[in-house]
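Good morning, and thank you for making time for this presentation.

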Number of protein chains: 2
Amino acid sequence: MAKHRQKVTVSDIAKRAGVSTATVSNSMNGTGRVSETTRVKVKQAMDELGFVRDYTAAKLRTGRSRLVGVLVQDIANPFYGEFSASFEAALSQEGYLPIIANIGENKERQSAMIAEVIAHGVAGIIVSPSSNTEVDDLERAFAHEIPVVTFVREIENSDFDFVGIDDYRCGELAAKQFLKDSHSQFAVIGGLESSSTGRLRAKGFVDTLHKAGIPDHCIVVKQGPQSRGFGRESAVDLVDAHTTFTAVFCHNDIVAMGATAGFLSRGRVIGEDLSLIGCDNLPEACIWNPPLTSVETFSRFVGKIAADIIISRINGDKSKRRTVRLKPELIERQSTFPVTG
Amino acid sequence: MAKHRQKVTVSDIAKRAGVSTATVSNSMNGTGRVSETTRVKVKQAMDELGFVRDYTAAKLRTGRSRLVGVLVQDIANPFYGEFSASFEAALSQEGYLPIIANIGENKERQSAMIAEVIAHGVAGIIVSPSSNTEVDDLERAFAHEIPVVTFVREIENSDFDFVGIDDYRCGELAAKQFLKDSHSQFAVIGGLESSSTGRLRAKGFVDTLHKAGIPDHCIVVKQGPQSRGFGRESAVDLVDAHTTFTAVFCHNDIVAMGATAGFLSRGRVIGEDLSLIGCDNLPEACIWNPPLTSVETFSRFVGKIAADIIISRINGDKSKRRTVRLKPELIERQSTFPVTG
DNA sequence: CTGAAAGCGCTTACAG
DNA sequence: CTGAAAGCGCTTACAG
């Protein structure tokens with residue numbers, strides 16, 4: 001095992017290579033003009049001494065850093081897992097690394113974590129805002145001139161760049177599938193009115209049913225968090241309350257998973273007694289029981305695009321607000337089926 | 001929207017509060033002795049001016065930081081998602097934040113990312129090592145006196161703390177279940193010989209079968225990466241090669257998912273034609289088709305314990321190597337069933 | 001209990 | 001193309 005060595009600094013390299021610290025810095029950053037021979041000498045000195053640069057010192061001096069703050073509801077949700085993997089890949093290709101924090105639906109923690117990542121000197125922040133977030137809550141970053149990109153959930157009337165899915169269309173696609181299958185009584189489970197995704201997915205669903213002449217009393221809506229637990233409880237509650245419906249639209253696949261289990265616990269089998277549609281099309285959805293009909297929301301694209309936008313903002317892009325809304329696609333599987341008779 | 005303000009520094013606070021910078025620093029860090037009245041004055045000045053401390057400057061001066069590097073194979077794997085959520089929660093409670101990087105099975109990227117997080121000044125590193133990783137590959141961190149904790153995959157004969165599961169026992173549990181169900185021909189899919197998890201899970205499985213008198217020619221082993229794709233391909237290959245077996249042990253649930261789909265594409269239905277056991281007991285496993293029998297590997301506990309260990313090391317704990325191997329538990333569901341006749 | 005000053009490791013005008 | 005020196009925002013002996 002190697003000895004613990006003293007930290008090797010730019011000035012050590014400078015001495016070893018017989019040049020100034022300025023030249024070492026220019027050489028490793030590709031700035032200024034450095035002759036080819038000097039560059040080689042510097043490189044060699046670095047290798048010999050085992051130099052590891054200190055971004056911390058560089059950040060202090062320049063104000064620039066290669067860290068990006070990532071604030072998500074819950075990294076354990078596979079949607080965010082896929083998102084993060086894709087985001088991290090794009091980021092690291094450009095020499096950046098993510099600092100990740102879970103914030104749930106907790107606005108106070110969101111504010112605290114924004115302050116925290118700023119204190120750590122991030123060059124930018126991407127955030128899937130907690131429900132009820134208003135412009136002011138993310139304001140602090142602007143005061144520090146740190147670019148902010150929102151994703152998945154949009155903050156209306158804000159200057160924040162946004163990348164996500166057309167959530168209204170998600171609900172619309174689900175409703176159209178159910179109408180095609182001749183359903184006439186419906187339930188919606190999950191999604192918070194206080195988040196754009198919750199509001200818009202439900203609205204797209206309900207509006208589309210209304211347009212098809214379905215009256216309000218044939219649609220029951222259970223709003224709530226995007227968790228397995230909420231999906232399960234809601235399913236049980238609906239059955240126990242003798243609510244009648246044959247088609248269930250879940251806010252996302254995690255909720256759908258909970259609901260599937262909840263219905264099963266009350267003897268209602270998805271794909272036989274009930275049709276069910278989720279949202280996100282998680283990789284596992286195709287082997288669920290039954291294989292889940294779900295609306296694809298392209299987590300990996302969202303991650304890639306979010307990375308592209310934040311990097312361009314970090315690099316000084318001052319153009320006006322950018323919003324990207326991907327078109328969702330419904331993937332039909334065996335959890336939905338036509339009503340017969 | 002607030003004006004872009006100048007950065008507020010400790011010396012601004014000092015001026016505003018009518019004290020020295022030393023007093024401001026002591027006041028916010030709880031170091032030295034500061035009178036109650038002074039502390040209040042300083043706090044007030046910070047609030048008025050909107051002070052956000054700069055950890056970067058503090059790190060440069062003290063050498064201490066509140067960032068931890070997290071290197072995983074793939075954050076999109078729900079096992080690592082659950083792990084990270086739990087790890088981040090425990091970490092942030094102590095005022096630390098994770099920098100996350102995916103490294104896959106790429107040793108070069110692993111080395112590069114270790115250097116990278118060190119350059120970013122992390123206080124510690126936790127890593128689930130790429131296959132074939134040797135002590136030397138993680139050595140660099142020690143040279144910088146940065147504590148390293150390995151998880152999931154163990155590097156034998158190393159000084160690195162380790163937290164993970166008893167992988168040999170995972171294989172043993174799966175084998176015992178199959179034997180109890182009277183199977184006599186077996187397949188193993190996934191897991192690399194060059195990683196401790198791959199090697200030990202397979203070994204535990206095969207050893208247990210041997211002990212029960214099962215000859216080698218009744219066990220086929222398909223080693224490979226822990227991916228859906230490998231699971232799918234292997235399943236197809238096994239069927240196409242007319243290999244006979246009724247019981248399949250998959251390295252983890254992700255591989256099991258791919259294998260399930262692969263077998264299905266060749267007309268072999270898990271739970272009817274074949275018994276299958278996965279590893280990790282992902283939250284979704286209970287609603288798969290069929291509900292998956294899986295060995296629980298306690299991702300959340302692993303995350304919590306990893307956080308506890310790295311924090312104690314950061315805080316100067318110099319005691320000898322710590323290894324934690326959690327006992328796995330088999331959760332029986334409908335993907336396994338007794339052979340009849 | 002408080003203040004003045006040095007220094008962490010970089011980068012960057014500036015002068016050569 | 002290169003070098004000497006200042007300074008980023010903190011913390012920490014040290015002197016009072």
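I begin with Asn157(B), which is exposed, with 7 other C-beta atoms within 10 Å. That count qualifies as exposed because the cut-off for this class is 12 or fewer. Please keep in mind throughout that this is a predicted model.

As background, most residues other than glycine have a negative phi, and most peptide bonds are trans.

A second residue of this kind is Glu145(B), with a positive phi of about 60° although it is not a glycine. Glu145(B) is found in the loop between helix 7 (135-143) and strand 4 (148-151) of chain B. Is Glu145(B) buried or exposed? Glu145(B) counts as exposed, because it has 10 C-beta neighbours inside 10 Å.

I turn now to the peptide bonds. In chain A, Asn289(A) and Pro290(A) are joined by a cis peptide bond, with omega about -10°. Pro290(A) belongs to the loop between strand 9 (275-280) and strand 10 (293-296) of chain A. In chain B, a cis peptide bond joins Asn289(B) and Pro290(B), and omega there is about -5°. Pro290(B) lies in the loop between strand 9 and strand 10 of chain B.

Those two strands of chain B bring me to the sheet. In what order do the 6 strands of this open sheet in chain B stand? The order is 7-6-8-9-10-12, and the pairing is mixed. Strand 7 (219-222) and strand 12 (329-331) of chain B are at the edges; each has a single partner strand, so one side of each is left without a neighbour in the sheet. On average, neighbouring strands of this sheet are turned by 20° against each other, direction ignored.

Let us walk across part of the sheet. Strand 8 (residues 247-250) of chain B runs parallel to strand 9 (residues 275-280) of chain B, and 3 bridges join them. Within strand 9 of chain B, Ile277(B) is the bridge partner of Phe249(B). Strand 9 of chain B is in turn joined to strand 10 of chain B by 4 bridges, and these two also run parallel. Here Gly278(B) stands opposite Ser294(B) in strand 10 of chain B. The next pairing is antiparallel: 3 bridges connect strand 10 of chain B with strand 12 of chain B. Across that pairing, Glu296(B) stands opposite Glu329(B) in strand 12 of chain B.

Helix 11 (residues 253-265) of chain B lies across strand 6 (186-189), strand 8, strand 9 and strand 10 (293-296) of chain B, and it runs at about 150° to strand 9 of chain B.

Next, a helix of chain A. Helix 3 (residues 36-49) of chain A has 14 residues and reaches 20 Å from its first C-alpha to its last, close to the 20 Å expected at 1.5 Å a residue. Which residues of helix 3 of chain A are buried? They are Lys41(A), Val42(A), Ala45(A) and Met46(A). These residues cover an arc of only 135° around the axis, which puts them on the same side of helix 3 of chain A. The buried residues of helix 3 pack against helix 1 (10-17) and helix 2 (21-29) of chain A. On the face turned away from the buried side, helix 3 of chain A carries the exposed residues Glu36(A), Thr37(A), Val40(A), Asp47(A) and Glu48(A). Just after this helix, Gly50(A) takes a positive phi of about 65°.

Finally, the two chains together. The same surface serves both copies, as 98% of the contact residues of chain A recur in chain B.

How many residues are in contact? There are 54 residues of chain A in contact with 53 residues of chain B. Among the elements of chain A that each supply at least two residues to this side are helix 4 (55-62), strand 2 (97-102) and helix 6 (107-119). Helix 5 of chain A gives the most to the side that touches chain B, with 8 residues.

Thank you for your attention.

Note on methods:
Residues numbered from 1 in each chain as written. Chains lettered and ligands numbered in written order. Predicted model: local features only at pLDDT ≥ 70, side-chain atom pairs only at ≥ 80, totals over all residues. Pairing = 2+ DSSP bridges. Axes fitted to C-alpha atoms, helices over the stretch in contact; angles between N-to-C directions. Contact = placed C-beta atoms within 7 Å. Expected span 1.5 Å × (residues − 1). Buried ≥ 20, exposed ≤ 12 C-beta atoms within 10 Å, placed from the backbone. Arc of directions from axis to C-beta.
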